[in-house]
Amino acid sequence: MKTVNQADYRLTASTVSGAAGDTAHATVTVHNASPAWVTSRSAGEPAATVDTDIPIGTSVAPAPDNCWSQFETRYRCNTPTYLTESGKPAAHTSPFTLHIHEAIPNATGRAALHNDAYEPPVHTYDPDLTNNTATLTVNPSTS
């Protein structure tokens, strides 16, 4: 019997609400939902990199410590060099402080795993790439 030991990264993102002038605390989290783990200890590269597009009508200040601005509405965030917790599912969260400038109903931003940023590329050990994106939502519609 052949056993496959693979990681399964997945992303989740917050849904927050607020009026113009408010501050909302949102998160984007990379989960490793499997027993396998990936590390780049020798190269010192992050286990995963996430690009997050900030919803329209908002801005970020300050950026999370593990993130930097690629341009005004996109941030790239790194995890540590590994995502594991003694063989159990593990996660790394990037906390964003969103300043709401305009309360736009259902404003969304996309978070996506930057699949091939480092060696080994994510697609070589993550069998399910369909859960490598998430939606960050501000002021969701109630209907």
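The mean pLDDT of the protein chain comes out at 86, and 84% of its residues score 70 or more; pLDDT is the predictor's confidence in each residue, on a scale from 0 to 100. Among the elements of the chain, β6 has the lowest mean pLDDT, 92, while strand β10 (residues 133-138) has the highest, 98. This is a predicted model, so local features need pLDDT of at least 70 and side-chain atom pairs count only at pLDDT 80 or more, whereas totals for chains, interfaces and linings use all residues. Residues are numbered from 1 along each chain as its sequence is written, and side-chain values use heavy atoms, with hydrogens and water left out.

Now to the sheet. Six strands make up an open sheet with mixed pairing, in the order β2-β10-β9-β4-β7-β6. Its edge strands are β2 (15-16) and β6, each of which pairs on one side only. Strands here are DSSP runs (E, at least two residues), as are helices (H or I, at least four), and both are numbered from the N terminus. Two strands count as paired if DSSP finds at least two bridges between them.

Strand β4 has β9 on one side and β7 on the other in the sheet order. With β7, the pairing of β4 is antiparallel and runs over five bridges. With strand β9 (residues 107-113), β4 is joined by three bridges, again in the antiparallel sense. Val 50, for its part, stands opposite Leu 113 in β9. As for cover, four of the five residues of β4 are buried, which leaves the strand mostly covered. Buried means under 20% relative accessible area, exposed means over 50%, and partly exposed is anything in between (1.4 Å probe, protein chains only).

The charged pairs come next. A search of the whole structure turns up two salt bridges, a salt bridge being a side-chain nitrogen of Lys or Arg within 4 Å of a carboxyl oxygen of Asp or Glu. Side chains of opposite charge can pair when their charged atoms come close. One of the two joins Arg 76 to Asp 51, with the closest N and O atoms 2.6 Å apart. That pair links distant parts of the chain, Arg 76 in strand β7 and Asp 51 in strand β4 (residues 49-53), 25 residues apart. Both ends are tucked away: Arg 76 is buried at 16% relative accessible area, and Asp 51 is buried at 10%.

Arg 74 and Asp 53 form a salt bridge as well, their closest N and O atoms 2.7 Å apart. This pair also links distant parts of the chain, from Arg 74 in β7 to Asp 53 in β4, 21 residues apart.

Thr 49 sits in strand β4 and is buried, with a relative accessible area of 2%. Its side chain and that of Asn 78 are joined by a polar contact of 3.0 Å. A polar contact is a pair of N or O atoms within 3.5 Å; within protein, one must be able to donate a hydrogen and the other to accept it, and residues adjacent in sequence count only if both atoms are side-chain atoms.

Then there is the disulfide. The whole structure holds one, defined as a pair of cysteine sulfur atoms within 2.5 Å. Cys 67 and Cys 77 form it, with their sulfur atoms 2.0 Å apart. The two cysteines sit in distant parts of the chain, Cys 67 in strand β6 (residues 67-71) and Cys 77 in strand β7 (residues 74-78), 10 residues apart. The link is right-handed, with 110° about the S-S bond. Both cysteines are buried, Cys 67 at 9% relative accessible area and Cys 77 at 3%.

Finally, a loop residue. Tyr 82 lies in the loop between β7 and β8 (90-100) and is partly exposed at 39% relative accessibility. Tyr 82 and Val 38 are 44 residues apart in sequence, yet their C-alpha atoms lie 5.8 Å apart in space.
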